[in-house]
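This briefing is intended for a reader who is meeting the structure for the first time. The points that follow are grouped by topic.

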Amino acid sequence: MRDLKHLIYFENLLQEANHALIAQARADGKVCVAYTCENVPEPLLNLDRACSIRLTAPHTGSIDIATYYMTNLLCEPSRALLERAIEGGYSFADCVITPDGCTMMNRAVENMELLQTMGKDKPGFFHEYMEIAFKNTESDVALSVLQCTNHILTPLHDNYGIDISDAAIRKAVADHNRICELIRAIGDFRKEEKPRITGYEFHVLCLATYVCPQYLILDKLEETLEELKTREPDDKAYRARVLLVGSEVDDSGLVKLIEEQGAFVCCDRFCFGSYPGRVPIVLNDGEDALTQVCRHYIRNCQCPRMMNQEKVYGRKQYVAELAREYKADGIIYQQVKFCDPWAYERTLGAAMLQNDYGYPVLSVDRPYNVASSSGQMRTRVQAFVESIEIKKIQRGGKHEDR
Amino acid sequence: MKTVEKVVNPVRRAGEQSPGKIYNEKLKVRARREWRGVRDTFYDYTRWLYLMSVLGRFIVVPRNIKGFFRYRWMMSYLFVPHGMDKFTIGLRDEALRIAHTSFNFVIADVTQAIANCFRGDRRVGNDKAYSDKCVITDENSMVTFMMGFDTDKVHTILREVPTMFASNIFHQFNVMHYLDIAQQYGIPGDVCPMPEAEAGISIEDDFCVLGCCAVQNNTTCDGSLMGNGIIAKRLEREYGLPTFQLATPLRHKEPDVLDYAAREIKEAIAFVEKHTGEKWDWDVYFTAAKRVNDATRCRIAQMEINSTPYPQFFGAAFSLYNDTNYMGNSGRNADFVAKDHKLLALAQKGYEAKRMYAREYRHRCIVWGVQPQYCIDMLYWMVQCWGVMPLTDMLSVINTEMIAEVDTPENREQAYRDMAMLNMEMIMRNHTHGGYKVLVDELWELCEQMNADMVMMWEHMSCKALTGMHGQFEEQARARGIHIMWVSHDLCDPRVFTRQAIRDQVNSYMRTVLREEPLDPSLEIIPDNEAY
């Protein structure tokens, strides 16, 4: 296929945690709200002059200092983020908002606070920690509303004078929805039999929407969508269509590696992927916007830490439905090494998707930076693709409807 | 560095410097009983006989014999007498009586709990009427939500107590099998082995099938929260037990989570009412609340004694008794009240007599983190071998607030908040979660309060909440002049760190950093790696 016009532009943005668009946003007078978990309602971080920047640590190499502070038993993303913070990589942040979602990420941010890695020269700088709902009940919505009020809205207003009115929230949601609609529309091309976008390209675009000030990439996303409408797909058949599920994938190299083995990553269901993170928020006029935003996040949340049975089994159902919608031949459940929530979710998910829903599943753990063990991952994926391919050949080359 | 005054025992204790000689590497149990002088050896032996009578009364019931052969974890039953000796190493006088009073009571309580499990078990006793009034709680749960149910009408079954806690304490290899099962199923080996073992028990279907419903909890960590899914799959989908997930906020020091936590308690109570058909009784609740407050006062008094130069109630018995009383009991059993007061009276008597439990106390130590179940005698060993007195451990540093105990309309609403507070501040999670202040800052406050010059830091290698603050502990301890001694282990898997590997970390620190010689060299290396 012809290269996407802005792909290199987006790829370059993902090479640094503190990239050119963040500098531009600061020059525009924006308040950079750093965050670490997809359970934090993103539109609330984009109110008025605020703009959300998800913390990542591209090209992570040595994490020795962070390992001293947190030992080598914590997940690599949490250590990579702490290392980058110690190196001064997040000096752009005007505040950090993090939930007590997974313990390790919480500890990473607490270490950042104790080590004063950010905000020394910023009088309004603050760290906020939130409680995140465990279930999808109205009681949890009430908890979420209170937490967002106390730990996002009030500090943003008090420290930076951010407009936190209902109207401001509605505007932020509208802007958020525009990004979601673009990403969803781009992602829908992956449903095609001969898709006109690769899983890798989509991952780059989707990840950019989390780590960049969204208002600065909107035009290029729109242009990319237009470009895709007329893009000629390659006349080649993929060996297998796979759905990628699991913990955060900040290294697009993982998706590239999977696709280099002849698979096509037809859909993504991981932390900071397009499902459920880029599902538009539908607001009505009968209820305040904050409550509706919180309810949206709780109802749509697919985080493993949601513990009621409706959610536990619903997550597997959700993956199965995505696999069906995107015509996946198999599912890859992946987990960053030492991630407790996804360790259990991957185990149960892999068992249920295989036994109850009949999908071939590859269940695998991996490092944060895939390049550091690409050989092992490549072998696992190759074997998985071959196993799917053999089954497909046995069915006469047809996709199996489940 | 901070130093404390060395306290030397003016009295030579009978049988001192003998404990190391009672181990024999060819045996899986000790070669002989410890000599403690005529009076204490006789007392110890009579308590041992009492224990045998408890175990004997249990096993003569036919359904218990059936259960014994059905469930793998019941193997630990055989090693209870040997296990009890782990709690009395080197103890004499009041401390010996405290250890027996507290832990024999705990053993009797656990034995009764197992008997209850077998009574209702569809595979063993199959007493359906009884089973229909049982509520299963899982994994390290706090049972405050049961405080208002009459214990004669509704029975609480803590499924992890016999399968994991007691099992691993009495037989160090007993849990490994369930870890292997869980890992065979696909759970990685780097998660906390406690919920992993419990998940393994469910995967292997090796727990009694009983109860009318179950209540799960996100007790201590991400692993504990996540293990619920696998366990609920067995309970709900296969046994048909309706299962409620009691969500407990992690940031328990923040006032803005309390209402949510209280709503969850209300939901849990309503769930139990619905499935047991029994009603919440406020008289029962406030009676239990009085007992909770009484236990809190006794615990505070014990801690005060331990902050003096002559601590009395310490080590594993202190920790496990508190654990059982605070979490498993939560004021529901009246028998604990008498025990609490008896234990306090013994401790006061020992303090007034300035009783010491080693030749000398060189260091006053706070034990932080989570102890390995299979090396439960470690703290007694530490004081006997090196003169390091464990003043308290993290698991015993729990709630000190009084809860509402008078039945008024306002207090009924307050009661939900009190139960929620206790539930949020259950053992372990009250320090490992809720922000770094409760884990790090509170440790230094405790060092001040108890005049400690040393911290023994259990580094349970799968406890990410604790290891995530490793560097902060190091740096802040250095800044405060507190000795910090890291001791790694893997909670209930002796394959990762054997008992001697655990002790060797202390040996190395004491010899190389503090340049000290052991009080009792016979204890420095003990051939008990293969012992039960």
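Predicted model: local features only at pLDDT ≥ 70, side-chain atom pairs only at ≥ 80, totals over all residues.

Asp93(B) is found in helix 4 of chain B, and its phi is near 50°, a positive value in a residue other than glycine. The points below begin with backbone geometry and then turn to the core, helix packing and the contact between the chains.

**Backbone geometry**

- Asp93(B) counts as buried because 22 C-beta neighbours lie inside 10 Å, where 20 or more are needed.
- Met428(B) also has a positive phi, of about 80°, although it is not a glycine.
- The position of Met428(B) is the loop between helix 15 (409-424) and helix 16 (429-432) of chain B.
- Met428(B) is buried, since 23 other C-beta atoms lie within 10 Å.
- A cis peptide bond, with omega near 0°, runs from Tyr275(A) to Pro276(A).
- Pro276(A) belongs to the loop between strand 6 (263-270) and helix 11 (289-300) of chain A.

- Gln302(A) lies in the loop between helix 11 and helix 12 of chain A.
- With 20 other C-beta atoms within 10 Å, Gln302(A) is buried.
- Apart from residues up to four places away in sequence, Gln302(A) touches Arg269(A), Pro276(A), Arg315(A) and Tyr318(A).
- Gln302(A) and Arg315(A), one of these partners, are separated by 13 residues in sequence and by 6.0 Å in space, C-alpha to C-alpha.

**The largest nonpolar core**

- In soluble globular proteins, nonpolar side chains tend to be buried together.
- The largest nonpolar core of this model has 297 residues.
- The residues with the most contacts inside this core are Val33(A), Val242(A), Leu243(A), Ile331(A) and Val455(B).
- Helix 4 (residues 93-120) of chain B gives the most to the core, contributing eleven residues.
- Leaving aside neighbours within four places in sequence, Val33(A) is in contact with Leu45(A), Ala50(A), Cys51(A), Ser52(A), Ile53(A), Asp94(A), Cys95(A) and Ile97(A).

**Helix 14 of chain B**

- Helix 14 (residues 378-386) of chain B is largely enclosed by the rest of the structure, because nine of its nine residues are buried.
- These buried residues are Met378(B), Leu379(B), Tyr380(B), Trp381(B), Met382(B), Val383(B), Gln384(B), Cys385(B) and Trp386(B).
- The buried residues of helix 14 of chain B pack against helix 12 (315-329), strand 7 (363-368), strand 8 (388-393) and helix 20 (499-513) of chain B.

**Helix 14 with helix 20 of chain B**

- Two packed helices are described by the angle between their axes and the distance between the axes.
- Helix 14 and helix 20 of chain B pack at an angle of about 30°, and their axes are 11 Å apart.
- The two helices, helix 14 and helix 20 of chain B, are therefore roughly parallel to each other, as angles under 35 degrees count as such.
- Their crossing is right-handed.
- Met378(B), Trp381(B), Met382(B) and Trp386(B) of helix 14 meet Ile502(B), Arg503(B), Val506(B) and Met510(B) of helix 20 in this contact.
- By class, the contact of helix 14 with helix 20 of chain B has seven nonpolar residues, no polar residues and one charged residue.

**Helix 6 with helix 8 of chain B**

- The axes of helix 6 (residues 160-170) and helix 8 (residues 193-203) of chain B come within 10 Å and cross at roughly 130°.
- That angle makes helix 6 of chain B oblique to helix 8 of chain B.
- Helix 6 passes helix 8 of chain B in a right-handed crossing.
- Glu160(B), Thr163(B) and Met164(B) of helix 6 form the contact with Met194(B), Ala197(B), Glu198(B) and Ile201(B) of helix 8.
- By class, four nonpolar, one polar and two charged residues make up the contact of helix 6 with helix 8 of chain B.

**Contact between chains A and B**

- The contact takes 41 residues from chain A and 41 residues from chain B.
- On the side of chain A that touches chain B, at least two residues each come from helix 3 (64-70), helix 5 (103-114), helix 6 (138-160), helix 12 (309-325), helix 13 (340-355) and strand 8 (361-366) of chain A.
- Helix 13 of chain A gives the most to this side, with nine residues.
- By class, the side of chain A that touches chain B has 22 nonpolar, ten polar and nine charged residues.

Conventions:
Residues numbered from 1 in each chain as written. Chains lettered and ligands numbered in written order. Core = buried A, V, L, I, M, F, W, Y, C linked by C-beta atoms within 7 Å. Buried ≥ 20, exposed ≤ 12 C-beta atoms within 10 Å, placed from the backbone. Helix = DSSP H or I, 4+ residues; strand = E, 2+ residues; numbered from the N terminus. Contact = placed C-beta atoms within 7 Å. Axes fitted to C-alpha atoms, helices over the stretch in contact; angles between N-to-C directions. Parallel < 35°, antiparallel > 145°, perpendicular 65-115°, else oblique. Left-handed = near helix turned anticlockwise from the far one by under 90°. Nonpolar A, V, L, I, M, F, W, Y, C, P; charged D, E, K, R; others polar.
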